Structures are given as structure tokens and as C-alpha cells.
Amino acid sequence: MDDILNLIGGEHVPAQSGKWLDNVEPATGEVYGRIPRSGQDDVEAAVAAARNAFPEWRSWAPADRRAVLSRLADKVAAHAEALAAAESKDNGKPMSLAAAVDIPRAEQNFRFYASAAEQFASESHTMGDGTVNYTLRKPLGVVGCISPWNLPLYLFTWKIAPALASGNCVVAKPSEVTPMTAFMLGQWAKEAGLPDGVLNILHGLGPEVGQAMVDHHHIRAISFTGGSATGAAISAAAAPKFKKLSLELGGKNATVVFDDADFNEALNTAVRAAFANQGQICLCGSRILVQDTIYEKFRDAMVAKVSRMRIGDPADPATKMGAVVSRAHRDKVLAAIATARGEGGTILCGGGRHQPGEPRIKNGFFVQPTLIEGLDHTCTTNREEIFGPVATIQPFHDEREALGLVNSTKYGLSASVWTSDLKRAHRVAAGIDTGMVWLNCWLVRDLRTPFGGTRQSGVGREGGYNSMHFFTEPQNVTVKL
Ligand code: TXE
């Protein structure tokens, strides 16, 4: 059994309650380890360790913080293969995807914010009478980072790296569904030179240890990525305590294909955008909108491509589509497909559980990649996030109708627009109410840019200086010369 432990004040310890939770491998459905079922007592201990470490850590020169974060990046790089295998086992995602995307990005997050630690700067404002204002950017103290299961180490590091770079001590909680790679990272913290207590990692259930973090009066900010309903609960709990909050929540993103788009590029990317990571990325394009003049041709080509997608053992390097993250999540995705059927949708391909032939994975949580047509924008299927390998396809007539459809959900995370008309591309981008728009591409990321959504997709932006600003408090000092 692979038991994992909390990291508190530099020590690896079980939950104080002595309770454990099972850790399940989604591809086999079998328990392969245990994680501590932490609670309020563990949060108290982690916060005490973090508070204790803060005075020293905040006083480190930026170059020294850079060096530690760079060494953490080196650790990730040195253990990349083991981390990719662990991520694949814990999450069900193909090993090939974890090795190509998740783990390199975790390394990159540390490198990027190592450099930010040194390059971060604040403003000064001079007044006509010789008065000068300078603005300090002070670390907040102890901050909480709560991350989800879909991109486990990728999103865990995306939060803790800027929090540490800006001089905070961190209490972090990975998802209880995918805790392994955060645990592995914690084992290298000391070797990388992080003082004890600067990074504390707690494992356990959201409503228990996660909630205790949100409620703790010494945790000054919460950076959260996860479902919109959880984000709303965290908001409600944090508001009376006047905590800083950064919420990256769900999406119901559209891929919009005009008839002058590069057909093959649009097709290939629309398939990847809908089904990458088994459709479990907040940025996935789960609503594919295609101009009526090319609708049938595009739909048929898409069905042919999706039908050829092979589901397999995530541990097999050739596998491109693995298991969804848990039994509960598989059942949620299957229920969403049933809803689509009930709403009158036509299943063009997929539509149910995938039963693997390989004995090792015969009890795994697999769902066929599913494409659905015949549903309009008012139905539940096109309004609610499914977060699985399920997408709908709909025709639109013109730009006006396309924009109406894109903006018809309560979410506002991202959109991907395909056209070769330059003016139209920029016009449509400006008319879309989302935090991010990709023109003739999808999920191309520059880590300096603002990442986040509007409306039910969240509050605040991450990335570059946005994260450094979130994790610091500005203090203006006015000097009369
Ligand atoms: O996520 P949760 P779940 C969406 C997706 C999915 C749904 C629910 O639609 O089906 O959310 O997934 C912690 N206080 N996304 O239930 O609950 C939890 O332990 C503090 C979208 O798995 O939001 C975990 O660490 N923390 C998404 C993290 O929050 C709490 C990614 C996310 O879990 C808590 C994942 C609480 N009360 C799911 N309750 C995206 N946008 O990328 C839970 N947590």
C-alpha cells in the first residue's frame, strides 16, 4: 500500500485523528493506498508552523527565494518520469499526457515564478510639489491553496509557486482524489532548501480540512480552483472574514467554427479541445458551434475522428484516452448523457460506459467519447458543466447568432474561434463575455497573461503579476521631500 502523509513544519505526519481515506486507482477501480483524513487540528498545526516560519522567509532576498524555487523545478525535472507515472495512476489520465503536459508544466510553473521572485517590482508616483509615493508589496503571511483533481501537480504548483515567490508561507491542500504528486513534491522541499514550515501540505476531504482552512482566521487568502458550487460555498464562508479570494471555477466553453476557417486545423483542435484529459479541463470546448454552410461536413468528419479514439490502459504509453477520475465522477458523466438523451439529443457516437478488454483495467472508470447533436442552448446539457468526454455540436447561421450562443450560459471562462477573416476574428473576440479567447488555436498559454473567467467561472485572475499581486498587500508610503 502506498500511504501518504501530511507535511507540517518539515515533518511528514499522519492526521492527528489517526483517520485515513482510501486512495483509488481509476483505471483499475482498486484501492492502492491511504491518505490522512485531516481536520481542524491539522490545520492548526500547519498554520502554527507557517506563522513560525514567516518572519524568516519574508526576509529572504528575492534572489534566494528564486534559487529555492529553481531547485524545486530541478527536482520536478529530475523525477519527471516517476511523477508522470504517479499522476497517471492517481488520476486515470494517459501516462503520455502526464509526461507531455502535466509534469513539464509543473516544472515550468516553478521556473516562471522563480524568475518572478526576482523581477517583481512595485510602483512609485511623484507629485508636482516634490512629494513621492512608493508602494510596498508585502507578503500576506499565511495563505491557503486548494487545488482540484483534473491537473493535479500542474494546478497545485501554479498556486504555491507564486505564493512562495512573493514571500508567503503556505498551507496547501491537493484534491483528496489525486494527492500523490503533491505528496512526492513535499518530500523534496527540504532538500531544495525550503525552510521547515514555509510549505505545509495537508490531505483530506474538502468539507473537512478544506473548510477548516477557509475558516481559519490566520489564513489571509485562499486561492481555489474547482467546481463553481464549491467556489460559492468558499466565498460565503470567507466573505465575513474579509479574506482575499481567487476563484478559478467551471466553464461551458464554446468552439466556434466559421465556414472560412482552416477546416482540418479547426477539426483537429475541436476534437482535442473537447476530449483532452477525458474532457476534464475547465477550458475544454464542450459546445461545438459550426456555421450551417459547413455543418454537415464538419459534423461527419468529427464523428469519424471521435469514433476512432481509442480508450486504453493509461499506463500504456500508446494510450491517448484513459479513465475518468473516479466512480462517482463516471456516474455523474453517465447521468449527464442520460439527461441529454431525455432532452431529445441524438448520440452521434459514444454514449455510455466503455468496457475494456484488458483484464488489468476491466473494473476501471471509463466513458466513451460522446458527441451529441440536436440540442439547443436552453437545455441542461448545453448549460451545465459536465467535465467529462461529452460534447455537443450545433449549427449557427451568422456571426450574431454565434455570439448569442457563445454567451448563453452562466459561465464565462474561455472560447476558441476559428475563421480566416481577420476583422471578424477580432470583432467576435471582443463580443464574447469570457476571460479568455483563443483565435485559431486552443489552450496556447503564455504564463504572463491574465488567466480566469467572468460570471460563474470565477473571480480574479492568475498568471504573471496577477498572482504576485494577489499574494501581496500593497502599502503606499508618502514622502514629503
Ligand atoms: O470539485 P471540488 P469536485 C467541477 C466539475 C466537477 C465538479 C465537482 O464540474 O464535476 O466541479 O468536482 C476542495 N472548502 N470541477 O467535487 O469539490 C476539494 O477537496 C474548501 C471543475 O471534485 O470543487 C478539492 O481540493 N475546500 C474544475 C477542491 O476543493 C473544498 C476542477 C476542488 O474540489 C470544499 C475540478 C470546501 N467546502 C472540478 N469542498 C475546474 N474548474 O478546473 C471541496 N473542497
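Is Cys282 buried or exposed? At 14% relative accessibility, Cys282 counts as buried (under 20% relative accessible area; exposed is over 50%, partly exposed in between, with a 1.4 Å probe and protein chains only).

## Ground rules

This is a predicted model, so local features need pLDDT of at least 70 and side-chain atom pairs count only at pLDDT 80 or more, while totals for chains, interfaces and linings use all residues. Residues are numbered from 1 along each chain as its sequence is written, and side-chain values use heavy atoms, leaving out hydrogens and water.

## Cysteines and Leu249

There are zero disulfides here (a disulfide needs a pair of cysteine sulfur atoms within 2.5 Å). The closest cysteine sulfur to that of Cys282 belongs to Cys284, but at 8.2 Å it's too far for a bond. Cys284 is buried too, with a relative accessible area of 5%.

Cys282 also turns up among the contacts of Leu249, along with Phe224, Leu413 and Gln456, once neighbours within four places in sequence are set aside (contact means heavy atoms within 4.5 Å). Leu249 sits in the loop between β11 (244-248) and β12 (253-257); helices (H or I, at least four residues) and strands (E, at least two) are DSSP runs, numbered from the N terminus. At 7% relative accessibility, Leu249 counts as buried.

## The cores

The largest nonpolar core has 96 residues, and Phe110, Ile160 and Leu185 are among those with the most contacts inside it. Such a core is a set of buried Ala, Val, Leu, Ile, Met, Phe, Trp, Tyr and Cys residues joined through side-chain atoms within 4.5 Å. Helix α5 (residues 152-165) supplies the largest share, 10 residues.

## Aromatic pairs

A search of the whole structure turns up eight aromatic pairs (ring centres of Phe, Tyr and Trp, using its six-membered ring, within 6.5 Å; planes under 30 degrees apart are stacked, over 60 edge-to-face, the rest tilted). Trp149 and Phe387 make an edge-to-face one, 5.3 Å centre to centre with 75° between the planes. The two residues are 238 residues apart, so to speak distant parts of the chain linked by the pair. Both Trp149 and Phe387 are buried.
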